[in-house]
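Please walk through the structure shown here, beginning with the elements of one chain and ending with a few individual residues.

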Amino acid sequence: MISKNESKIGKKEIRQLFWRSMPMEASFSYERMMSMAYAYCMYPIIKKLYPKLDDQKKAMHRHLEFFNCTSACSPIILGISTAMEERNAYDPNFDTDSINAMKAGLMGPLSGIGDAIFWGSLRIITAGIGISLAKDGNWLGPVLFVLLFNIPNYLFRYYGVKYGYSLGNKFISKIDGSLMDNITYAINILGMAVIGAMIASMVSINIPITFGGGKHPQTVQSLLNSIMPCLLPLGLTFYISHLLKKKYNILIILLVIIIISIFGAYSGILAVPKD
Amino acid sequence: MILQTILIFIVSFIAYLQDFTGTSFIGRPLVTGLMLGMVFGDVKSGVMIGAYLEMVWMGMMQIGASIPPDVISGGLLGCAFALKMHSGPNVALTIALPIATIYLLIENSFYVIINPFLNHLADNFVDKGKLKTAANMHILSSLLRPLLSAIVIAGAFYLGSGAVRNVVAIIPKQIMDGMSIATGLLPAVGFAQLLNMTYSKKVAPFFFIGFVLYAYLKLDMIGVAIIGGALGAIMYIILSTVQEGSEQNGDVSDDF
């Protein structure tokens, strides 16, 4: 167990995480979504915890993996992963896979809650207040909107890091040995279930080609869906995973996907997915 | 005109810092309307147009990976042209909507091409041991988008609304659709990488349970996480009971 005095993570590091988490959404990409932002946030922590460059590299790669979460909720996960990295730095038997499994397990549900709170409720309420003043030309409308939205937004971020770190720390320090293995396994299960669901919900392919004449022409999409819904997203993900294991260059895979998309749009084989 | 263009560049840059400042919504039309009103010396009209555009976009949400017409560029150019022509919110909207739709092409080129590229640069820098440079790829990416977006928007303002519409008409619909299609396919690459790190036979069944929960039952993420968590807890209980049992019985169990 890491006592408070020994810990390398103090108030300064928590504050640093908070500030670094601000541009969480600013480097978004469709490939790994917020991975660059996450690695950027974790960089000072990693530097502080691991004396060896090799461990630092491994940790950076860990956090350059896929991550996507409502911006305001990400600090909670950052806090927990900081506690886990800290544990890993002390405990050679720590299973590092559990760090990404924890991230994968939490990002989905926290996004669900975060989108509902920040995008669905707080934004609508504060914009409503702002608009009611602004529609008569009152400049206080926009000003109030920015303040009313961002004060809770920033507070939630700051306490998110703090709470996430102490939660992670408390949870991890209580457990040892084989118990840890079982808990890691349980976290992995949660992570896997969420990743499975995310592939079905976030990867989308739409093939609108019809075949069979008559009154009820069938599309390829509906045929595939009748075999199994989301069959194509699952197949594509496994196929790319297979290609990556064979050491295919990932930039070429990305490029090919973009070319196929544009070719698909021209030929009508692929259509914009509808939700 | 030059001065206005420069000021619009600055306002656009600030607006696109929205994601840099903690997803603070300073790029929403309600806010940019006020800033543009100050640029054109007509705060009242700017705020009113902003409020109107905000109402139009209010319901369009960015949920998960699906992104609606770009509200920042639409709000900025719609409002700027309307203020310049001394016209009302209706004109702003008719300019804003097509621009916002086309602008997704530029927006997506960041999300589909530029940022994945920077992400891979970051991977390479980590391999070379240049961790700080790798981390700062994020800052480069975060500031590149506001900068390029502000140049495009100020440029579009300078060219005028007529020219913008002509340019918009030239871009083939298929290219735009192609980029939208790519936004649906690319997450597969990210998930594939994640799977290569975490997938194993021991957890494979739970992966498929999660998949089926969404694919067949359309359960939301919180629901999937609760079931995933419960399954994890069940496995945890089973494993610890089994281990406890074998520890207590010791050699005895071997005799059976």
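Helices (H or I, at least four residues) and strands (E, at least two) are taken as DSSP runs and numbered from the N terminus. On that basis chain A has 10 helices and 2 strands, which follow one another along the sequence in the pattern α-α-α-α-α-α-α-β-β-α-α-α. This is a predicted model, in which local features need pLDDT of at least 70 and side-chain atom pairs count only at pLDDT 80 or more, whereas totals for chains, interfaces and linings use all residues. Residues are numbered from 1 along each chain as its sequence is written, while chains are lettered from A and ligands numbered from 1 in the order in which they are written.

The C-alpha trace of chain A spans about 75 × 60 × 30 Å along its principal axes. An automatic or database domain assignment divides chain A into domain 1 (11-199) and domain 2 (208-267), and the centres of these two domains, taken over C-alpha atoms, are separated by 32 Å. Two residues are said to be in contact if their C-beta atoms, placed from the backbone, lie within 7 Å; among the contacts in chain A between residues at least 6 apart in sequence, 71% join residues at least 24 apart.

A residue counts as buried if 20 or more other C-beta atoms lie within 10 Å of its own, as exposed if 12 or fewer do, and as partly exposed in between, with C-beta atoms placed from the backbone. Of the 275 residues in chain A, 48% are buried. A nonpolar core is a set of buried Ala, Val, Leu, Ile, Met, Phe, Trp, Tyr and Cys residues joined through C-beta atoms within 7 Å. The largest such core has 105 residues, of which A:Ala39, A:Ala193, A:Val194, A:Ile195, A:Ala197 and B:Phe191 touch the most other members. Helix α7 (residues 177-202) of chain A gives this core its largest share, 14 residues. A second, separate core of 47 residues includes A:Ile131, B:Ile8, B:Ile99 and B:Tyr103.

How many residues of chain A are in contact with chain B? There are 108 of them, and they meet 96 residues of chain B. The largest share of the chain A side, 21 residues, comes from α7(A). By class, the chain A side divides into 67 nonpolar, 28 polar and 13 charged residues, where Ala, Val, Leu, Ile, Met, Phe, Trp, Tyr, Cys and Pro count as nonpolar, Asp, Glu, Lys and Arg as charged, and the others, Gly among them, as polar. Leaving aside neighbours within four places in sequence, A:Ala197 is in contact with A:Gly108 and with several residues of chain B, including B:Gly210, B:Phe211 and B:Tyr214.

Within chain B, the axes of helix α2 (residues 29-39) and helix α4 (residues 71-84) come within 9 Å and cross at roughly 35 degrees, the axes being lines fitted to C-alpha atoms over the stretch in contact and the angles running from 0 to 180 degrees between N-to-C directions. The contact of α2(B) with α4(B) has 7 nonpolar, 3 polar and no charged residues.

Finally, most residues other than glycine have a negative phi. A:Lys247, in the loop between α9 and α10 of chain A, has a positive phi near 65 degrees, and this residue is exposed, with 7 other C-beta atoms within 10 Å. B:Lys218 has a positive phi of about 50 degrees and counts as exposed, with 12 C-beta neighbours inside 10 Å.
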